[in-house]
Amino acid sequence: MILAIASGKGGTGKTTVAVNLARVTGFTVGLMDCDVEEPNAHLFLKTGPASQEIVGIPIPQVDETLCNGCGDCSRFCRFHAIASFGGKPLIFSELCHGCGGCARVCPRLAISEANHRIGVVETAQMENITLVQGRLDVGVAMAPPLIRAVKARLPKGVPTVILDAPPGTSCPVIATLQGADFVALVTEPTPFGLHDLELAVDMVRELRLPFGVVVNRAGSGDDRVHAYCNEKNIPLLLEIPDDRRIAEAYSRGELIVEALPGYRCHFEKLWNSIGELITT
Amino acid sequence: MKIAFSTSGDDLNAALDSRFGRAPKFLVYDLDNGTFAVVDNRQNLDAAQGAGIQSAETVARLGVGAIVTGHCGPKAFRVLKAAGIKVYNSNAATVTEALEHFKAGKLVEAGSADVEGHWA
């Protein structure tokens, strides 16, 4: 099963849910930190040494002796990463998504592709958890190719995978959610939490993915998130109370299920609820 | 020589648009015979990215030697420079006014972009 933990609003507790859930499964699990702009799952897991792989995307290179300036490459590129105006095309690698289309449409085969580094993927182990995380290089804006690289390193033969998504509802989140069997949307009971939850719900409905909601810091705001879930028939998978001890454990980089074993059953219940929702 | 002006209108009395990449239109004026033509650039108004690059490519393909506009960002400037097109920044209200400034030699050729991308 591939379970994605997502949210509209940032800072609602995606990583908290992901790492604690990974810990209580009790069997081998792959935890993929897809928030490649600021991966943080590793802060809560005392892993062994990480192996690192460099990830790049293919960027066009133009052979001046073959190019006749026809402009087919530039007309094809919807990201305007290649400009042609008669002479040798200019390439804006920071805009390139690495799709390879310009090389394919070039009638004179003047375009080849060179690897352009965008970040790294790191893999490390902590007991039952294989942690795979992406780290986007500073100044790079193109997260989806790195997220796909993280997901391509799903540990082989591991039946259970947890994807820790970036916040929001844009391309990096879509890249994370593709291929998931279920999405847990983490929110908080505040007007902001509800507003962004509604956006996230629209997104997962568009993607036709089964989903449920986790309310973090329950008891801290109002009851509008609960009313919304009730009205829309959205399963409420778990409520994590607004408990100062949780925040303290978090700030020390500890897992809730280890610092406060009383909460173990919460995450076990979450795991079971999701399992039941998927099988029914 | 032909010279392009960023504009939102259809004639010489139209306003000079302060944006280059996302200018709605370009008025191309032919200094040799005093005629002009207007080219639509609306496809770039809503571009998610690369509007300046695409606009620079458009004016390059029009065969102009210079562009007069309010502001020009770094990516557009790189394309215009590679295409050998001179860039003149102007805060003139209309195309006519900018053209007169150009003819009178009051405009100074820009040596670099004068704004960051996505400035407006």
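Guide: Start with one pair: Asn216(A) stands opposite Ile240(A) in strand 11 of chain A. Keep in mind that this is a predicted model.

Visitor: OK. How do strand 10 and strand 11 of chain A pair, parallel or antiparallel?

Guide: Parallel, over five bridges. Strand 10 covers residues 211-218.

Visitor: Which helix packs on the sheet and touches strand 11 of chain A?

Guide: Helix 10, residues 264-279. Besides strand 11, helix 10 touches strand 1, strand 9 and strand 10 of chain A. The direction of helix 10 makes about 170 degrees with that of strand 11.

Visitor: And the sheet itself? What's the strand order?

Guide: The order is 3-6-7-2-8-1-9-10-11 in chain A. That is an open sheet of nine strands, with mixed pairing.

Visitor: Which strands stand at the edges?

Guide: Strand 3 (51-62) and strand 11 (236-241) of chain A. Each has a single partner strand, so one side of each has no neighbour in the sheet.

Visitor: How many degrees are neighbouring strands turned against each other?

Guide: On average 20 degrees, direction ignored.

Visitor: Now helix 1 of chain A. Which strands does it lie across?

Guide: Six names to note: strand 1 (2-6), strand 2, strand 7 (129-136), strand 8 (160-164), strand 9 (182-187) and strand 10 of chain A. Helix 1 runs at about 165 degrees to strand 8.

Visitor: What comes between helix 1 and strand 2 of chain A?

Guide: A loop, and Gly26(A) is found in it. Helix 1 is 14-24 and strand 2 is 29-33.

Visitor: Gly26(A): buried or exposed?

Guide: Exposed, because it has 9 other C-beta atoms within 10 Å, and 12 or fewer counts as exposed. In space, Gly26(A) lies 9.3 Å from Ile129(A), C-alpha to C-alpha. The two are 103 residues apart in sequence.

Visitor: Switching to Ala175(A). Where is it?

Guide: In helix 5 of chain A, residues 171-177.

Visitor: Why does Ala175(A) get its burial label?

Guide: Ala175(A) is buried because 21 other C-beta atoms lie within 10 Å; the cut-off is 20 or more.

Visitor: What is Ala175(A) in contact with, leaving aside neighbours within four places in sequence?

Guide: Pro144(A), Ile147(A) and Arg148(A).

Visitor: Zoom out. How many helices and strands in chain A?

Guide: Chain A has 10 helices and 11 strands. Of its 280 residues, 45% count as buried. The C-alpha trace spans about 70 × 45 × 35 Å along its principal axes.

Conventions. Residues are numbered from 1 along each chain as its sequence is written. Chains are lettered from A and ligands numbered from 1 in the order in which they are written. This is a predicted model: local features need pLDDT of at least 70, side-chain atom pairs count only at pLDDT 80 or more; totals for chains, interfaces and linings use all residues. Helices (H or I, at least four residues) and strands (E, at least two) are DSSP runs, numbered from the N terminus. Two strands pair if DSSP finds at least two bridges between them. Axes are lines fitted to C-alpha atoms, for helices over the stretch in contact, and angles run from 0 to 180 degrees between N-to-C directions. Two residues are in contact if their C-beta atoms, placed from the backbone, lie within 7 Å.
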